[in-house]
Amino acid sequence: MKSLRTYSIPFAGLKLGKHLFEYEINDEFFGEFDYSLVKKANLVCKVELDKQETMLILNFDITGTVTATCDRCLAEYEQPVNVHEQQIARFTEEEMGEDDDIITLGKNDHEINIAGLVYEYVNVSLPFIANCSNQGDGKQCDEEMLKNLNKLSVNDEQEQNADPRWEALKKLK
């Protein structure tokens, strides 16, 4: 977790207004998180921090690619990532409800670590079903692997040799 300190933004010494920070997100970043779905990545994270009197507004722009595994043919492919998110951090001493999407910063806080936010934004942006066609370059799944999977899949012969007692139940429709 020591390398995640790189992703801490010290806001205490910043003037009011907008400030830009840029980070390279790679394999080492995701290696810091246990059980991360992403293992390989080549991302650029630009964070625009708008410091105001009572809050910080963080605008995230994360672009690049992560290496994903196709759920259909098990081939690795480059999944494009393009994330635009906003996070608000408010300066207050009172506790806010857990359901609020606002980060609470106390008077003793002098920096904000964005590593967890970046990790979350990248993982949430990945498609639920990874597929080689997501690359956008027209590449499709490995045909040889699909043929092998079709050979191993349950075929219609088993359905034809079904128990005759089920046939009687099918007639009840």
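## Cysteines without bridges

There are zero disulfides in this structure, a disulfide being a pair of cysteine sulfur atoms within 2.5 Å. Keep in mind that this is a predicted model, where local features need pLDDT of at least 70, side-chain atom pairs count only at pLDDT 80 or more, and totals for chains, interfaces and linings use all residues. Residues are numbered from 1 along each chain as its sequence is written, and side-chain values use heavy atoms, with hydrogens and water left out.

Take Cys-132: the nearest cysteine sulfur belongs to Cys-73 and sits 3.6 Å away, and Cys-132 is in no disulfide. Cys-132 is buried, at a relative accessible area of 1%. Cys-70 is buried too, with a relative accessible area of 1%. Here "buried" means under 20% relative accessible area, "exposed" over 50%, and "partly exposed" in between (1.4 Å probe, protein chains only).

## The overall layout

Across the protein you'll find five helices and seven strands. Both are DSSP runs numbered from the N terminus: helices are H or I with at least four residues, strands are E with at least two. Walk along the sequence and the pattern reads β-β-α-β-β-β-β-β-α-α-α-α.

The protein has 173 residues, and 29% of them count as buried. As for contacts (heavy atoms within 4.5 Å), take those in the protein with a separation of 6 or more: 57% of them come from residues 24 or more positions apart.

Five strands make up an open sheet with the order 2-3-4-5-6 and mixed pairing. Two strands count as paired if DSSP finds at least two bridges between them. At the edges stand strand 2 and strand 6 (102-105), each with a single partner strand, so one side of each has no neighbour in the sheet. On average, neighbouring strands are turned by 20° against each other, direction ignored; the axes behind that angle are lines fitted to C-alpha atoms, for helices over the stretch in contact, and angles run from 0 to 180 degrees between N-to-C directions.

Strand 2 and strand 3 pair in the antiparallel sense, over ten bridges. For a landmark, look at Glu-22, whose bridge partner in strand 3 is Lys-46.

## Two nonpolar cores

In soluble globular proteins, nonpolar side chains tend to be buried together. A nonpolar core here is a set of buried Ala, Val, Leu, Ile, Met, Phe, Trp, Tyr and Cys residues joined through side-chain atoms within 4.5 Å. The largest one has 32 residues, and those with the most contacts inside it are Ile-25, Phe-29, Phe-30, Leu-43, Phe-60 and Val-118. At least two residues each come from strand 2 (17-26), helix 1 (27-31), strand 3 (41-51), strand 4 (55-69), strand 5 (76-91) and helix 2 (115-125). Helix 2 gives the most, with six residues.

Which residues does Val-118 touch, not counting those up to four places away in sequence? They are Ile-25, Phe-29, Cys-45, Phe-60 and Ile-62. A second, separate core has eight residues, including Cys-70, Cys-73, Cys-132 and Leu-146.

## Aromatic rings

The structure holds eight aromatic pairs. Rings of Phe, Tyr and Trp (its six-membered ring) pair if their centres lie within 6.5 Å; planes under 30 degrees apart count as stacked, over 60 as edge-to-face and the rest as tilted.

Tyr-7 and Tyr-23 are buried. Together with Phe-29, Phe-30, Phe-33 and Tyr-119, they form one aromatic cluster.

Two non-glycine residues have a positive phi. Tyr-35, at about 60°, is in the loop between helix 1 and strand 3 and counts as exposed at 79% relative accessibility. Leu-74, at about 70°, lies in the loop between strand 4 and strand 5, and is exposed at 59%.

Met-145 is in helix 3 (residues 143-152) and is partly exposed, with a relative accessible area of 28%. Its C-alpha is 5.9 Å from that of Cys-73, 72 residues apart along the chain. Thr-6, in the segment before strand 1, is exposed at 52% relative accessibility.
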